[in-house]
Amino acid sequence: MQPETQPVATGTPSVEAPARRTAGKSAPGGVHARNTLNDLTGREWIKSTKTWLVCDSRRYHRNRNTELHPARYPEELVAEFLRFFTKSDAWVLDPFCGSGASLVACLEEGRRGVGVEISPQYAEMARSRLPRMDEGEYAAVVQADARELAEPDTWDGTDGLDLDEDGLPRFDFIMTSPPYWNMLGKSRGGVESTHKKRAGKGLDIDYGAHDGNLELIADYDEFIEALGGIFDDCARLLKVGKYMVVVIQNVRVPDGYVRPLAWDLAARISRTLSFQGERIWCQDSKKLGIWGYPTTFVPNFHHHYCLVFRKQAPGA
């Protein structure tokens, strides 16, 4: 598939266009001379290593122009990881770009973001969120299938993106959230869930029936392997020594048990990248559902696993 690319959005910027941040600034004299990972002071560094964080973005609920997308994560979550795993002007990839939160966060944090999105509708949504960029700023949406990340044709024609001799770009950091298998298409029971409210408003409740939608893969093991192949290709595009963060969640299936999606995916990705641990993103403002009452324990999943991987040097 020949991708469609657009590094600079046309037309009037969205009202929630990114508020630029002065890139790479920390407390005076606070960044260690041997800090090759980020622009943080020691005090900022230690706060970012706690294994859980609460991220409830007010902006997330105000972003009406992205509400159509059924599964967004907040820009503030992306910014948390950008500040720890990259320096200013770093190149960042999101292979499941969705509504473009990663790209907005990159612009706000002084990074250069590239998003890949298979849906023309969501690709255009992401582009609409990008303002006209100043000199030195960069963000691009590539409409393509994430299963073709390692194909040079995917990147051909993407203005401003440097390609290596093999026709592929290389990135300093990758952050993304793939589909949580077929979770969006499953019933939430008899209560008036957010899922059902979205359907009542005519908003998307899943990613659609288009070819390439991974949530349509019925077999769980096949789904894990399909995602694993995409992250194998991500490993090719990631520079040695750099990191990837994958936001994922375990899922409860209608048969009445939980599939350990986060851990099965971590094991699969670990074939090509080194698993470094996780941070748990907690949502404190999400509404509770009275699932299972009054006979069965059914958890309210208000957390996601942010799985951290690193590309080690050959032989390391």
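These legends describe close-up views of a predicted model.

**View 1. Helix α8 packs against helix α9.**
Helix α8 covers residues 220-237, and helix α9 covers residues 261-269. Their axes lie 9 Å apart and meet at an angle of about 45°. The crossing of α8 and α9 is right-handed. From α8, the contact draws on Tyr-220, Phe-223, Ile-224, Glu-225, Leu-227, Gly-228, Gly-229, Phe-231 and Asp-232. From α9 come Leu-261, Asp-264, Leu-265, Arg-268 and Ile-269. By class, the residues of this contact are eight nonpolar, two polar and four charged.

**View 2. Helix α3 packs against helix α4.**
Helix α3 spans residues 75-85, and helix α4 spans residues 101-108. The angle between them is about 55°, and the axes are 8 Å apart. That makes α3 oblique to α4. Their crossing is right-handed. On the α3 side, the contact residues are Glu-75, Val-78, Ala-79 and Leu-82. On the α4 side, they are Ala-101, Ser-102, Val-104, Ala-105 and Cys-106. Seven residues of the contact of α3 with α4 are nonpolar, one is polar and one is charged.

Most residues other than glycine have a negative phi. Asp-89 has a positive phi, near 70°.

**View 3. The second largest pocket is lined by 14 residues.**
The volume of this pocket is about 210 Å³. Nearest its centre lie Ser-48, Phe-84, Phe-85, Arg-279 and Val-308. Two elements, α3 and β10 (274-282), each supply at least two residues of the lining. The lining has five nonpolar, five polar and four charged residues.

**View 4. A cis peptide bond joins Tyr-293 to Pro-294.**
Most peptide bonds are trans. The bond from Tyr-293 to Pro-294 is cis, with omega near 5°. Pro-294 belongs to the loop between β10 and β11, where β11 is residues 303-310.

**View 5. Phe-301 in the loop between β10 and β11.**
Which residues does Phe-301 touch, not counting those up to four places away in sequence? They are Gln-249, Asn-250, Arg-252, Val-258 and Lys-286. Leu-288 is 13 residues from Phe-301 in sequence. In space, the C-alpha atoms of Phe-301 and Leu-288 are 9.0 Å apart.

How values were computed: Residues numbered from 1 in each chain as written. Predicted model: local features only at pLDDT ≥ 70, side-chain atom pairs only at ≥ 80, totals over all residues. Heavy atoms only, no water. Axes fitted to C-alpha atoms, helices over the stretch in contact; angles between N-to-C directions. Helix = DSSP H or I, 4+ residues; strand = E, 2+ residues; numbered from the N terminus. Left-handed = near helix turned anticlockwise from the far one by under 90°. Contact = heavy atoms within 4.5 Å. Nonpolar A, V, L, I, M, F, W, Y, C, P; charged D, E, K, R; others polar. 1 Å grid on protein atoms, 1.4 Å probe; cavity = no way out; pocket = protein on both sides within 12 Å on 5 of 7 lines; lining within 4 Å. Points joined across faces, edges and corners; volume = space filled by probe spheres on them. Parallel < 35°, antiparallel > 145°, perpendicular 65-115°, else oblique.
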